[in-house]
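Hi everyone, thanks for coming along. I'd like to walk you through one structure this morning, so let me put it on the screen.

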Amino acid sequence: MNRRFLPTGAQRAALSLIKSGAKHILLFGGARSGKTTILVLALIFRSLRYPGSRHLVCRLRLKDARSSVLHETMIPWLNRIIGTKLYKLNRHDNYISLYNGSEIWIGGLGDKEQVDRILGHEYNTIYFNEVSQISYHAVTTAYSRLAMKIPGCKNLFLYDCNPASPLHWSYRVFIRKIDFKTDTPIVRPEMYESMLINPEDNRTNLAEDYIEDVLEILPEKQKARFRYGQWVKGEGCIYDRFTEEMIIAPDDLPEMEYYTGGQDFGLNIAGVKIGYHEDKIYVVKDHGGHNITTKTFNDQLTRKGWFEDDFPVYCDPAGGERIQEITGGIKANNAVDSGLDYINSLIERERFYISSECSGVLSEIWDYSRDEDDKIIKINDHYMDALRYAIFSPVQQGIIIG
Ligand SMILES: Nc1ncnc2c1ncn2[C@@H]1O[C@H](COP(=O)(O)OP(=O)(O)OP(=O)(O)O)[C@@H](O)[C@H]1O
Ligand SMILES: [Mg+2]
């Protein structure tokens with residue numbers, strides 16, 4: 001059995017980056033380029049090097065973390081490196097305990113029980129796998145858990161992804177080094193490092209025909225992402241006419257004539273506040289919460305001064321009794337296709353703007369897409385639903401002439 005791990009040249013460079021002193025390290029690039037392997041190996045090395053340490057690997061969904069990280073990568077490499085006897089997989093709890101007291105946990109940031117379970121511990125490393133699917137909010141929720149103290153061990157956040165849209169939070173934070181919340185330059189940019197790693201770099205470990213026969217013949221946009229690791233707007237993007245020029249600074253917002261709100265419920269609760277001025281509409285505020293009650297969320301909005309203006313808040317009609325807990329809450333119109341068409345027509349006519357403060361809406365709008373069967377991909381769509389409720393419900397009810 002091959003007990004040695006031989007990193008590719010790019011993986012060697014990634015290891016240097018991990019040791020460079022940066023706190024956040026993103027590996028992005030094409031498919032099967034060795035990103036997950038090297039980050040999992042880094043986690044294994046760290047757990048062996050620092051007895052009693054704890055590390056977390058998370059994805060949006062636990063089942064994906066289990067299949068693509070735990071079973072395809074982590075366990076085979078652990079078996080090769082330390083054999084099968086020096087660690088134990090605790091299946092029920094989804095963590096691995098090593099002979100030296102270290103632990104590696106696996107979790108999903110999009111599942112409620114999962115979040116409670118994994119965020120109940122402290123870690124030395126948190127590795128976010130495939131961040132193109134994870135919202136900025138979910139990632140930052142986990143940040144406070146990187147708090148375990150082990151002498152000599154510098155705690156790290158690791159990330160990987162196939163590149164998403166150039167306006168995805170990961171591109172803004174890691175490549176442009178812009179704070180996603182405030183839209184200003186990141187205060188300590190040296191803490192954020194990233195590296196492009198492509199299938200070409202991993203050619204020796206791939207099936208002979210994979211690059212030429214699979215990646216090379218993908219449709220243009222997919223080829224750009226999966227063969228060359230480029231940040232491009234996704235196929236099937238719903239608001240694909242939305243551009244960066246439609247993002248405006250809060251100080252440049254006009255005086256609004258009136259407002260409406262939109263509210264989505266769930267593990268990721270999200271609300272938006274829309275202002276209207278002449279024939280233009282402006283997303284002026286958004287707010288999200290993770291795993292909190294409707295009442296707590298509404299209290300937060302109140303404290304933020306949302307309700308100083310009196311306005312209707314159109315809520316997810318499936319919200320039932322929760323609707324009453326939102327100030328001004330009433331049932332939204334949930335006609336999906338006509339709602340999306342309406343917002344798209346506003347975008348096309350340059351009547352739609354988003355305040356740069358609205359990090360929730362801005363983290364979703366670029367990748368809000370349909371799949372090959374034309375179905376909306378129900379990932380990171382909470383602000384998108386809230387947006388549609390807020391804008392389209394009043395149009396339908398005839399209160400506002402669009
Ligand atoms: N240093 C290595 N030695 C042997 N095999 C490797 C090495 N690095 C990667 N591989 C193999 O290459 C394949 C792709 O690696 P990996 O899953 O890490 O890529 P990835 O960039 O995370 O891919 P994706 O974009 O699909 O998530 C896997 O089969 C993995 O086992
Ligand atoms: Mg991977």
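Let's begin with L362, which sits in helix α11, residues 359–364. L362 is buried because 26 other C-beta atoms lie within 10 Å. The scale here is that 20 or more other C-beta atoms within 10 Å of a residue's own makes it buried, 12 or fewer makes it exposed, and in between it is partly exposed, with the C-beta atoms placed from the backbone. Which residues does L362 touch, if we leave aside its neighbours within four places in sequence? They are I247 and I354, where contact means that the C-beta atoms, placed from the backbone, lie within 7 Å. D286 is 76 residues away from L362 in sequence, yet the two are 9.7 Å apart in space, C-alpha to C-alpha.

A quick word on what we are looking at: this is a predicted model, in which local features need pLDDT of at least 70 and side-chain atom pairs count only at pLDDT 80 or more, while totals for chains, interfaces and linings use all residues. Residues are numbered from 1 along each chain as its sequence is written, and chains are lettered from A and ligands numbered from 1 in the order in which they are written.

Now the two domains. The domain assignment gives domain 1 as 9–226 and domain 2 as 244–396; such bounds come from an automatic or database assignment. Their centres, taken over C-alpha atoms, are separated by 31 Å. Where they meet, 17 residues of domain 1 are in contact with 13 residues of domain 2. On the domain 1 side, α4 (112–118) and α5 (136–143) each supply at least two residues, and α5 gives the most, with four. That side of domain 1 divides into eight nonpolar, six polar and three charged residues. For those classes, Ala, Val, Leu, Ile, Met, Phe, Trp, Tyr, Cys and Pro count as nonpolar, Asp, Glu, Lys and Arg as charged, and the others, Gly among them, as polar.

On to the sheet. Eight strands make an open sheet with mixed pairing, in the order β3-β4-β5-β2-β6-β7-β1-β8. The edges are β3 (87–90) and β8 (192–196), each of which pairs on one side only. Pairing here requires DSSP to find at least two bridges between two strands. On average, neighbouring strands are turned by 15 degrees against each other, direction ignored. Angles run from 0 to 180 degrees between N-to-C directions, and the axes are lines fitted to C-alpha atoms, for helices over the stretch in contact.

Helix α2 (residues 35–49) packs on this sheet, touching β1, β2, β4, β5, β6 and β7, and its direction makes about 160 degrees with that of β7.

Let's zoom in on β5. Strand β4 (residues 95–98) pairs with β5 (residues 103–108) in the antiparallel sense over three bridges. Within that pair, Y95 stands opposite W105, and S97 has E103 as its bridge partner. Four residues lie between the two strands of this hairpin, where G101 takes a positive phi near 90 degrees. β2 runs parallel to β5, joined by six bridges, with R59 opposite G108.

What about the ligand? Ligand 1 is surrounded by 14 residues, the closest being G34, K35, T36, T37 and N205; a residue belongs here if its C-beta atom, placed from the backbone, lies within 6 Å of the molecule.

E130, in the loop between β6 and α5, has a positive phi near 60 degrees although it is not glycine. E350, in the loop between α10 (336–348) and β15 (352–355), also has a positive phi, near 55 degrees. E130 is buried because 21 other C-beta atoms lie within 10 Å, whereas E350 counts as exposed because it has 12 C-beta neighbours inside 10 Å.

How values were computed:
Two residues are in contact if their C-beta atoms, placed from the backbone, lie within 7 Å.
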